[in-house]
Amino acid sequence: NASGAHSMTNSVFLERTKTLHTNHPKRLTSMNNLAATLEDLGKHEEAEELYRKCLEGRTDLLGREHPHTLISMHNLASLLVKRDQHDEAQELYQRCLELEREIQGAE
């Protein structure tokens, strides 16, 4: 159930928070997973905060064109649609699309 998934995901995130630096890839992955679980539980404000921190951390660590950064951007945009923040969601979707096109053009 979603509550059990939240408990497990939260435990992993808290453990990684204690042992890994702020922008460690595993910590950021756990943060993203916890945000997704919170989103599933309808805790959109908490999920948004974590998605934003994860996007910021992944951008700093991996760069804005890294696939994990783009996933974080998309996750945040998707949640913003649910929260009726359509303008910001559209901006994020547009930025994500532009970055994906840049990556494909470079290949």
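Student: Which residues are linked in a network of salt bridges?

Tutor: This is a predicted model, in which local features need pLDDT of at least 70, side-chain atom pairs count only at pLDDT 80 or more, and totals for chains, interfaces and linings use all residues. Residues are numbered from 1 along each chain as its sequence is written, and side-chain values use heavy atoms, with hydrogens and water left out. A salt bridge here is a side-chain nitrogen of Lys or Arg within 4 Å of a carboxyl oxygen of Asp or Glu. The network of salt bridges links E48, R52, R83 and E88.

Student: How far apart are the closest N and O atoms of R83 and E48?

Tutor: R83 lies in the loop between α4 and α5 (86-106), while E48 belongs to helix α3 (residues 44-62), so the pair ties together parts that are 35 residues apart in sequence; helices are DSSP runs of H or I with at least four residues, numbered from the N terminus. E48 counts as buried at 10% relative accessibility, where buried means under 20% relative accessible area, exposed over 50%, and partly exposed in between, with a 1.4 Å probe and protein chains only. R83, by contrast, counts as partly exposed at 29%. In the salt bridge between R83 and E48, the closest N and O atoms are apart by 2.3 Å.

Student: Does E39, which forms a salt bridge with K82, count as buried or exposed?

Tutor: The closest N and O atoms of E39 and K82 are 2.7 Å apart. Because E39 lies in helix α2 (residues 25-40) and K82 in helix α4 (residues 67-82), the pair ties together parts that are 43 residues apart in sequence. K82 is partly exposed, with a relative accessible area of 47%, whereas E39, at 10% relative accessibility, counts as buried.

Student: What is included in the cover of the buried residues of α3?

Tutor: The buried residues of α3 include E48, Y51, C54 and L55. What covers the buried residues of this helix includes α2 and α4.

Student: Which residue just after α3 takes a positive phi?

Tutor: The end C-alpha atoms of α3 are 26 Å apart, which agrees with the 27 Å that its 19 residues should span at 1.5 Å a residue, the expected span being 1.5 Å times one less than the number of residues. Just after α3, a positive phi of about 95° is taken by G63.

Technical notes: Helix = DSSP H or I, 4+ residues; strand = E, 2+ residues; numbered from the N terminus. Contact = heavy atoms within 4.5 Å.
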